[in-house]
Amino acid sequence: STQPSCKTIKTTCAYCGVGCGINATVNTDTREVTVKGNEDHPANFGRLCSKGSSLGETVGLSTRLLDPQINGRQASWDEALDEVAHKFKTIIDKHGPEAVAIYGSGQLLTEDYYVANKLMKGFIGSGNIDTNSRLCMSSAVSGHKRAFGSDTVPNSYEDLEQADLIIITGSNMAWCHPVTFQRIRAARERNPNMKIVVIDPRRTDTCDIADLHLPLASGTDVLLFNGLLKFLVDGQYIDQNYVESYTQGFEEAVAAAQDDCPYLGTIANRCELNEKDLLTFYNWFAETEKTVTAYSQGVNQSSTGTDKVNAILNCHLVTGKIGKIGSGPLSMTGQPNAMGGREVGGLATTLAAHMDFHIEGDADRVARFWKTDRMSKGVGLPAVDLFNAVYDGKVKAVWVIATNPAVSLPNANKVKEALKRCEFLVVSDCVTNTDTLDLAHVKLPAAGWSEKDGMVTNTERCISHQRALFPLAGNSKPDWWIISEVAKRLGFEDAFNYSHQVEIFREHAALSGFENSSDQRLRDFDISLLADISEEQYNNFEPTQWPITKEYPKGKARFFAEGEFYTPNRKANLVALKYKAPANQPSKEFPLVLNTGRLRDQWHTMTRTALAPRLNLHRPEPFVDIHPDDGHKFKLTDGDIAKLSSQWGDMFARVNFTASQAVGDVFVPMHWTQQFANHGRMGTLVNPIVDPFSGQPESKHTPITIAPF
Ligand code: SF4
């Protein structure tokens, strides 16, 4: 008998923005894989969480979409691609390029994302390409740009290990970025002086390592950090030299904070915090040189998400706690390649290589590089507006790639209705059923994790190679190939004539350095040293943080310790902020505030994690966490089913009494879809209000009511 062919391949995890490196031992005969953490990968140094270590259980083919389908019948690739191109072309010819859209995902590899963005913005000529990253970190992008003039994460994971104070705000890191959490826990064991503050309305597992938990009232983050800014100024804790040399807008920002937060007692009251705890937090921040603030969706998913980001950045900037060893703000990205999407301009509001529609010359520069005269003239519709436009019939064709908006977007019933009304819906996915896929006219089988091959960038700007472990399953194809084939059929043969993903990566790298010698602004994301990367170098690429240039051939761990921001005068903007309450307030009819988020053992809409039996054991069905006092008030019984209702929709969930929940707030996990739990989609409840700068929805604050079922 022949020996099974086993080999070990270095790749990255399919799930979160931590971006862990994996050593996958693969048996290509049996399609089996066992995974271990890669000890050399700078994101995890060998660690994996429950989701990552279960990846081997998720590569079976039982739920895979393996052939193209047109209106429910199996089709050849040629037929399906011709149909997509024909329908898109007909609609574009009749209604113009704004009548079509692509809605992508932070699950896409950089090469896939690059090609999708190039097709829509550069050749179809519309800005209508947005992504589920809009729901995830677009407020961080807007906040970074407003403060720094660029979307630059100033620090690295290792700063969390070198800090003496870590503030974790708006993040249940223990569940949502578990390996980063494990790194912090280990660092704290080594450094007994390290203090940890967790800011979250809920008492989550992340609080287990907190020296101080601040259960702030939902949505009051700007007050909390404006109060800190005032405290820093009053106590003369600011870094005068840094403020004068490298920032602007100090007076206005401080005046706005003074206005908002005249007294500590007022802030404590409005944030519903204990005054003594608040003072402890302020003192620790003021007096600890090495301070990192790690923030995530609790900050971003808000009608004031961008302001919340800037409130945090203001405090780091005035104290010079940025871009230094053990010191700086760290936006934790949600998805494995959210950062890669930002690099290629995969948001409706941005251009490739960190360029911007609103900066004169940028769109022309990208058009020159792509050699196109069809470049989109301006921004497209961000996610919530995009599906409203589909609902209203203004956008008539949508191509959804690697995501499930019928579940994950706010006001999900309306989104589902929009997709039903859509004249032409194409969905590329690697599974046979999702709530969105079920409505598609054309289904395109995409390669999934373990087959697709390309680059991803994690939270700390580290580019890693996610490698194929197996040949493509069935007739599935990589997303970059599918998009390029449609582009060719739309008449753009020359611009999309790729035969291997490395060619796309080279082009992406070349664009990042194109015509930027006299424009410092374009150098934060410059990886042009990789523009000539050989196929062998690409295959062997080791994780590297950007930028990657002659000056920084091995990347750069930190930005901004010496200023050099990417604004026109290279100074950071301190932003004057006024606290604004969440857009929809609780009422007599909807008296509770719904907060939503992830579970430890599931990922997004469960298409992959639900395949791993042990991951389903953690929490097997939709539930609602509610304080026992509220439970009794609403006549609920612990363990029974309840109906939750908002102005936008209803869902059902099992009641879980827990004192970890503040009175007046409830929590529901985001994961369940129609497939996995009838009436268990929490997106049906969520208000579709968005942040005015980022377009990110307010997923953490929806007024609801609850009743026994
Ligand atoms: Fe995967 Fe994130 Fe877990 Fe790392 S922390 S193994 S990237 S899910």
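This is a predicted model: local features need pLDDT of at least 70, side-chain atom pairs count only at pLDDT 80 or more; totals for chains, interfaces and linings use all residues.
Let me start with the chain as a whole. The protein chain has 709 residues, and its radius of gyration of 24 Å agrees with the value near 27 Å that a compact globule of that length would have. Along the principal axes, the C-alpha trace spans about 70 × 65 × 60 Å. Of the residues in the chain, 61% are buried, and the secondary structure comes to 24 helices and 26 strands. If we take the contacts between residues at least 6 apart in sequence, 74% of them join residues that are at least 24 apart.

Now to the domains. The chain is divided into domain 1, made of 69-136 and 337-545, domain 2, made of 138-336 and 569-573, and domain 3, which covers 592-708. Between domain 1 and domain 2 the C-alpha centres lie 33 Å apart, and the contact takes 19 residues from domain 1 and 16 residues from domain 2. On the domain 1 side of that contact, helix α15, residues 338-344, gives the largest share, with 3 residues. The residues on this side divide into 5 nonpolar, 8 polar and 6 charged.

That brings me to strand β18, residues 462-466, where 5 of the 5 residues are buried. In a regular strand, side chains alternate between the two faces of the sheet. Here both faces are covered, with Cys462, Ser464 and Gln466 buried on one side and Ile463 and His465 buried on the other.

What does β18 pair with? One partner is strand β17, residues 454-457, which pairs with β18 in the antiparallel sense over 4 bridges, and within this pairing glycine 454 has glutamine 466 of β18 as its bridge partner. The hairpin formed by β17 and β18 has 4 residues between the strands, and in it arginine 461 takes a positive phi near 70°.

Strand β19, residues 544-545, is also joined to β18, by 2 bridges, and the two strands run antiparallel.

Key: Residues are numbered from 1 along each chain as its sequence is written. The radius of gyration is taken over C-alpha atoms; the globule rule is 2.2 Å times the number of residues to the power 0.38. A residue is buried if 20 or more other C-beta atoms lie within 10 Å of its own, exposed if 12 or fewer, and partly exposed in between; C-beta atoms are placed from the backbone. Two residues are in contact if their C-beta atoms, placed from the backbone, lie within 7 Å. Two strands pair if DSSP finds at least two bridges between them. Domain bounds come from an automatic or database domain assignment. Ala, Val, Leu, Ile, Met, Phe, Trp, Tyr, Cys and Pro count as nonpolar, Asp, Glu, Lys and Arg as charged, and the others, Gly among them, as polar.
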